[in-house]
Amino acid sequence: MIEMHDVYKTYDNGVVALNGISVKINKGEFVYVVGPSGAGKTTLIKLMYRQERATKGQIVVNNMNVTSISDQKVPLLRRQLGVVYQDFKLLPKLTVYENIAFALEVTEAEPKVIRQRVIDVLKKVGLTKKAKHLPQELSGGEQQRVAIARAIVNKPAVIIADEPTGNLDPETSWGIMDLLEQINRDGTTIVMATHNKDIVNTMRRRVIAVDHGKIVRDEYGGDYGYEN
Ligand SMILES: Nc1ncnc2c1ncn2[C@@H]1O[C@H](COP(=O)(O)OP(=O)(O)OP(=O)(O)O)[C@@H](O)[C@H]1O
(Lines give C-alpha, C1' and ligand atoms only; values in the text may rest on other atoms or scores of the structure.)
Protein backbone atom coordinates (compact mmCIF):
# COMPACT_ATOMS: atom_id res chain seq x y z
CA MET A 1 0.00 0.00 0.00
CA ILE A 2 2.74 2.43 1.04
CA GLU A 3 6.42 1.68 0.53
CA MET A 4 9.39 3.90 1.22
CA HIS A 5 12.88 2.88 0.18
CA ASP A 6 15.86 4.74 1.62
CA VAL A 7 14.12 8.12 1.65
CA TYR A 8 15.96 11.34 2.48
CA LYS A 9 14.60 14.85 2.78
CA THR A 10 16.76 17.93 3.10
CA TYR A 11 14.87 21.24 3.08
CA ASP A 12 16.18 24.19 1.05
CA ASN A 13 17.59 25.77 4.22
CA GLY A 14 19.82 22.72 4.72
CA VAL A 15 17.80 21.06 7.51
CA VAL A 16 17.95 17.28 7.16
CA ALA A 17 14.41 16.25 8.14
CA LEU A 18 14.56 12.61 7.02
CA ASN A 19 17.74 10.63 7.04
CA GLY A 20 17.21 7.25 5.36
CA ILE A 21 13.66 5.96 5.90
CA SER A 22 12.55 2.54 4.68
CA VAL A 23 9.15 1.24 5.64
CA LYS A 24 6.29 -0.83 4.26
CA ILE A 25 2.68 -0.29 5.33
CA ASN A 26 0.19 -2.93 4.22
CA LYS A 27 -3.44 -2.55 3.20
CA GLY A 28 -5.76 -2.26 6.17
CA GLU A 29 -3.11 -1.35 8.74
CA PHE A 30 -3.54 1.38 11.35
CA VAL A 31 -0.17 2.98 12.00
CA TYR A 32 0.81 5.63 14.52
CA VAL A 33 3.85 7.76 13.76
CA VAL A 34 5.31 9.11 17.01
CA GLY A 35 8.44 10.99 18.01
CA PRO A 36 9.65 14.21 19.61
CA SER A 37 8.96 17.62 18.12
CA GLY A 38 11.08 18.13 15.02
CA ALA A 39 11.72 14.40 14.59
CA GLY A 40 10.39 14.38 11.03
CA LYS A 41 6.83 13.02 11.42
CA THR A 42 5.07 15.72 9.40
CA THR A 43 7.76 15.58 6.73
CA LEU A 44 7.34 11.80 6.45
CA ILE A 45 3.60 12.25 5.97
CA LYS A 46 3.92 15.17 3.54
CA LEU A 47 6.15 13.08 1.29
CA MET A 48 3.42 10.44 1.02
CA TYR A 49 0.94 12.84 -0.56
CA ARG A 50 3.61 14.86 -2.42
CA GLN A 51 3.16 18.01 -0.40
CA GLU A 52 6.96 17.87 -0.27
CA ARG A 53 9.30 16.01 -2.60
CA ALA A 54 11.91 13.55 -1.38
CA THR A 55 15.52 14.58 -1.94
CA LYS A 56 16.47 10.95 -2.51
CA GLY A 57 14.80 7.54 -2.42
CA GLN A 58 11.60 5.96 -3.66
CA ILE A 59 8.02 6.19 -2.43
CA VAL A 60 5.16 4.11 -3.80
CA VAL A 61 1.57 4.70 -2.67
CA ASN A 62 -1.16 2.39 -3.96
CA ASN A 63 0.99 1.46 -6.97
CA MET A 64 1.75 5.08 -7.86
CA ASN A 65 5.38 6.11 -7.87
CA VAL A 66 5.11 9.27 -5.81
CA THR A 67 8.71 10.31 -6.32
CA SER A 68 8.68 10.15 -10.11
CA ILE A 69 5.15 11.22 -11.15
CA SER A 70 4.78 14.61 -12.84
CA ASP A 71 3.02 17.51 -11.11
CA GLN A 72 0.06 16.94 -13.45
CA LYS A 73 -0.42 13.46 -11.96
CA VAL A 74 -0.43 14.68 -8.35
CA PRO A 75 -4.24 15.23 -8.27
CA LEU A 76 -4.61 11.58 -9.32
CA LEU A 77 -2.40 10.54 -6.40
CA ARG A 78 -4.40 12.74 -4.02
CA ARG A 79 -7.59 10.91 -4.99
CA GLN A 80 -6.13 7.72 -3.53
CA LEU A 81 -5.43 9.50 -0.26
CA GLY A 82 -7.59 11.37 2.19
CA VAL A 83 -5.67 13.88 4.28
CA VAL A 84 -6.79 15.12 7.71
CA TYR A 85 -5.01 18.01 9.43
CA GLN A 86 -4.74 19.28 12.99
CA ASP A 87 -6.41 22.59 12.04
CA PHE A 88 -9.16 20.98 9.89
CA LYS A 89 -8.55 23.24 6.85
CA LEU A 90 -12.22 23.61 5.92
CA LEU A 91 -13.27 26.31 3.45
CA PRO A 92 -14.87 28.95 5.73
CA LYS A 93 -17.41 30.34 3.27
CA LEU A 94 -18.80 26.96 2.22
CA THR A 95 -21.36 24.98 4.21
CA VAL A 96 -20.58 21.56 5.64
CA TYR A 97 -22.33 19.95 2.67
CA GLU A 98 -20.43 22.11 0.17
CA ASN A 99 -17.06 21.48 1.82
CA ILE A 100 -17.54 17.75 1.37
CA ALA A 101 -19.09 17.99 -2.10
CA PHE A 102 -16.18 20.14 -3.26
CA ALA A 103 -13.79 17.20 -2.85
CA LEU A 104 -15.92 15.23 -5.31
CA GLU A 105 -16.67 18.05 -7.74
CA VAL A 106 -12.98 18.29 -8.63
CA THR A 107 -13.15 14.64 -9.72
CA GLU A 108 -16.00 15.55 -12.11
CA ALA A 109 -18.34 13.01 -10.54
CA GLU A 110 -21.99 13.25 -11.60
CA PRO A 111 -24.19 15.55 -9.45
CA LYS A 112 -26.43 12.63 -8.49
CA VAL A 113 -23.45 10.58 -7.32
CA ILE A 114 -22.03 13.55 -5.42
CA ARG A 115 -25.30 14.14 -3.61
CA GLN A 116 -25.68 10.53 -2.53
CA ARG A 117 -22.07 10.18 -1.42
CA VAL A 118 -22.19 13.40 0.63
CA ILE A 119 -25.42 12.28 2.31
CA ASP A 120 -23.82 8.90 3.09
CA VAL A 121 -20.64 10.31 4.64
CA LEU A 122 -22.54 12.94 6.64
CA LYS A 123 -24.51 10.09 8.15
CA LYS A 124 -21.35 8.12 8.82
CA VAL A 125 -19.76 10.99 10.78
CA GLY A 126 -23.05 11.82 12.52
CA LEU A 127 -23.52 15.32 11.11
CA THR A 128 -26.58 15.02 8.89
CA LYS A 129 -28.30 17.80 10.83
CA LYS A 130 -25.40 20.21 10.35
CA ALA A 131 -25.25 19.95 6.55
CA LYS A 132 -26.28 23.56 5.97
CA HIS A 133 -24.09 25.09 8.66
CA LEU A 134 -20.86 26.98 8.11
CA PRO A 135 -17.66 25.62 9.71
CA GLN A 136 -17.51 28.53 12.18
CA GLU A 137 -20.89 27.46 13.56
CA LEU A 138 -19.48 24.07 14.58
CA SER A 139 -17.41 22.85 17.53
CA GLY A 140 -13.82 21.75 16.94
CA GLY A 141 -14.80 18.08 17.10
CA GLU A 142 -17.60 18.63 14.60
CA GLN A 143 -15.24 20.49 12.26
CA GLN A 144 -12.83 17.58 12.42
CA ARG A 145 -15.68 15.20 11.59
CA VAL A 146 -16.44 17.28 8.52
CA ALA A 147 -12.76 17.14 7.55
CA ILE A 148 -12.83 13.36 7.94
CA ALA A 149 -16.03 13.15 5.88
CA ARG A 150 -14.30 15.19 3.17
CA ALA A 151 -11.28 12.87 3.36
CA ILE A 152 -13.31 9.68 2.93
CA VAL A 153 -15.89 10.84 0.40
CA ASN A 154 -13.67 9.77 -2.52
CA LYS A 155 -13.37 6.32 -0.93
CA PRO A 156 -9.57 6.56 -0.73
CA ALA A 157 -7.36 3.57 -0.04
CA VAL A 158 -5.44 5.47 2.65
CA ILE A 159 -6.20 8.16 5.21
CA ILE A 160 -3.24 10.23 6.30
CA ALA A 161 -3.81 12.23 9.46
CA ASP A 162 -1.34 14.70 10.93
CA GLU A 163 -2.11 15.23 14.62
CA PRO A 164 -5.90 15.07 14.03
CA THR A 165 -6.71 15.39 17.74
CA GLY A 166 -4.12 18.12 18.42
CA ASN A 167 -6.71 20.91 18.75
CA LEU A 168 -9.35 18.87 20.58
CA ASP A 169 -10.11 18.11 24.23
CA PRO A 170 -9.64 14.49 25.40
CA GLU A 171 -13.29 13.45 25.19
CA THR A 172 -13.74 14.87 21.71
CA SER A 173 -10.45 13.24 20.68
CA TRP A 174 -11.78 9.83 21.65
CA GLY A 175 -14.85 10.42 19.48
CA ILE A 176 -12.58 11.17 16.55
CA MET A 177 -10.53 8.04 17.27
CA ASP A 178 -13.71 5.91 17.33
CA LEU A 179 -14.56 7.28 13.91
CA LEU A 180 -11.07 6.59 12.51
CA GLU A 181 -11.18 3.06 13.98
CA GLN A 182 -14.52 2.48 12.25
CA ILE A 183 -13.12 3.73 8.93
CA ASN A 184 -10.13 1.41 9.38
CA ARG A 185 -12.42 -1.55 10.14
CA ASP A 186 -14.12 -0.86 6.81
CA GLY A 187 -10.75 -1.57 5.15
CA THR A 188 -9.08 1.84 4.84
CA THR A 189 -5.39 2.02 5.72
CA ILE A 190 -4.67 4.77 8.27
CA VAL A 191 -1.39 6.53 8.99
CA MET A 192 -1.61 9.01 11.86
CA ALA A 193 1.11 11.20 13.33
CA THR A 194 0.39 12.05 16.94
CA HIS A 195 1.72 13.31 20.27
CA ASN A 196 -1.24 11.80 22.08
CA LYS A 197 0.28 9.24 24.43
CA ASP A 198 -3.07 8.07 25.87
CA ILE A 199 -4.48 7.27 22.45
CA VAL A 200 -1.42 5.34 21.28
CA ASN A 201 -1.15 3.42 24.56
CA THR A 202 -4.84 2.51 24.57
CA MET A 203 -5.25 1.56 20.91
CA ARG A 204 -2.18 -0.73 20.73
CA ARG A 205 -1.67 -0.59 16.98
CA ARG A 206 1.51 -0.51 14.94
CA VAL A 207 3.78 2.25 16.23
CA ILE A 208 6.57 3.73 14.12
CA ALA A 209 8.81 5.96 16.22
CA VAL A 210 10.87 8.59 14.40
CA ASP A 211 13.80 10.49 15.86
CA HIS A 212 16.28 12.74 14.07
CA GLY A 213 14.82 11.70 10.73
CA LYS A 214 15.23 7.96 11.25
CA ILE A 215 12.89 5.15 12.28
CA VAL A 216 14.10 4.11 15.71
CA ARG A 217 11.30 1.64 16.50
CA ASP A 218 8.62 -0.19 14.52
CA GLU A 219 6.41 -2.33 16.67
CA TYR A 220 3.00 -4.00 16.26
CA GLY A 221 0.78 -3.46 19.31
CA GLY A 222 3.33 -0.91 20.45
CA ASP A 223 3.16 1.90 22.99
CA TYR A 224 4.07 5.56 22.85
CA GLY A 225 7.39 4.88 24.47
CA TYR A 226 8.73 8.23 25.62
CA GLU A 227 7.77 11.31 27.65
CA ASN A 228 6.35 14.29 25.75
N1 LIG B 1 9.39 23.80 5.16
C2 LIG B 1 10.46 23.60 5.92
N3 LIG B 1 11.62 24.24 5.64
C4 LIG B 1 12.72 24.02 6.39
N5 LIG B 1 12.78 23.19 7.45
C6 LIG B 1 11.65 22.52 7.78
C7 LIG B 1 10.44 22.70 7.04
N8 LIG B 1 9.50 21.91 7.60
C9 LIG B 1 10.08 21.28 8.62
N10 LIG B 1 11.38 21.63 8.74
C11 LIG B 1 12.36 21.13 9.71
O12 LIG B 1 12.47 19.73 9.51
C13 LIG B 1 12.59 19.04 10.75
C14 LIG B 1 11.45 18.03 10.86
O15 LIG B 1 10.23 18.75 10.96
P16 LIG B 1 8.80 18.02 11.01
O17 LIG B 1 7.78 19.09 10.95
O18 LIG B 1 8.75 16.95 10.00
O19 LIG B 1 8.83 17.37 12.47
P20 LIG B 1 7.69 16.77 13.37
O21 LIG B 1 8.22 15.50 13.94
O22 LIG B 1 6.42 16.69 12.60
O23 LIG B 1 7.54 17.85 14.52
P24 LIG B 1 6.27 18.31 15.41
O25 LIG B 1 5.94 17.15 16.29
O26 LIG B 1 6.78 19.48 16.18
O27 LIG B 1 5.17 18.67 14.45
C28 LIG B 1 12.59 20.11 11.83
O29 LIG B 1 13.93 20.42 12.13
C30 LIG B 1 11.91 21.29 11.15
O31 LIG B 1 12.36 22.51 11.70
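In what order do the six strands of the open sheet lie? The close-ups below start there, and every view comes from a predicted model.

View 1. Follow the six strands across and you will read E6-E7-E8-E3-E9-E10, with mixed pairing. Strand E6 (81-85) and strand E10 (214-219) stand at the edges; each has a single partner strand, so one side of each is left without a neighbour in the sheet. Going from one strand to the next, the twist averages 15°.

**View 2. Strand E3 beside strand E8.** Here we zoom in on one pair from the sheet. Strand E3 (residues 30-34) and strand E8 (residues 189-193) run parallel and are joined by four bridges. For a landmark, find Phe30, whose bridge partner in E8 is Ile190. As a reminder, strands of a sheet pair through backbone hydrogen bonds, either parallel or antiparallel.

**View 3. The hairpin of E1 and E2.** Strand E1 (residues 2-10) pairs with strand E2 (residues 16-25) in the antiparallel sense, and seven bridges link the two. Ile2 stands opposite Ile25 in E2. Together E1 and E2 form a hairpin, with five residues between the strands. Look in the turn for Gly14, which has a positive phi of about 95°.

**View 4. The shell around the ligand.** Which residues surround the ligand? They are Tyr11, Asn13, Val15, Ala17, Gly35, Ser37, Gly38, Ala39, Gly40, Lys41, Thr42 and Thr43. Sorted by class, the shell holds four nonpolar, seven polar and one charged residues. Helix H1 (residues 41-48) gives the most to this shell, contributing three residues.

**View 5. Helix H3 packed on helix H4.** Helix H3 (residues 96-105) packs with helix H4 (residues 111-124) at an angle of about 130°, and their axes lie 10 Å apart. The crossing of H3 past H4 is right-handed.

**View 6. The annotated span from end to end.** An unreviewed UniProt entry lists residues 2-228 as "domain: ABC transporter". In this model, the end C-alpha atoms of residues 2-228 lie 28 Å apart. The span is 32% helix and 26% strand.

Notes. Residues numbered from 1 in each chain as written. Predicted model: local features only at pLDDT ≥ 70, side-chain atom pairs only at ≥ 80, totals over all residues. Pairing = 2+ DSSP bridges. Axes fitted to C-alpha atoms, helices over the stretch in contact; angles between N-to-C directions. Near = placed C-beta within 6 Å. Nonpolar A, V, L, I, M, F, W, Y, C, P; charged D, E, K, R; others polar. UniProt positions renumbered as here; feature names shortened; annotations may be inferred. Left-handed = near helix turned anticlockwise from the far one by under 90°.
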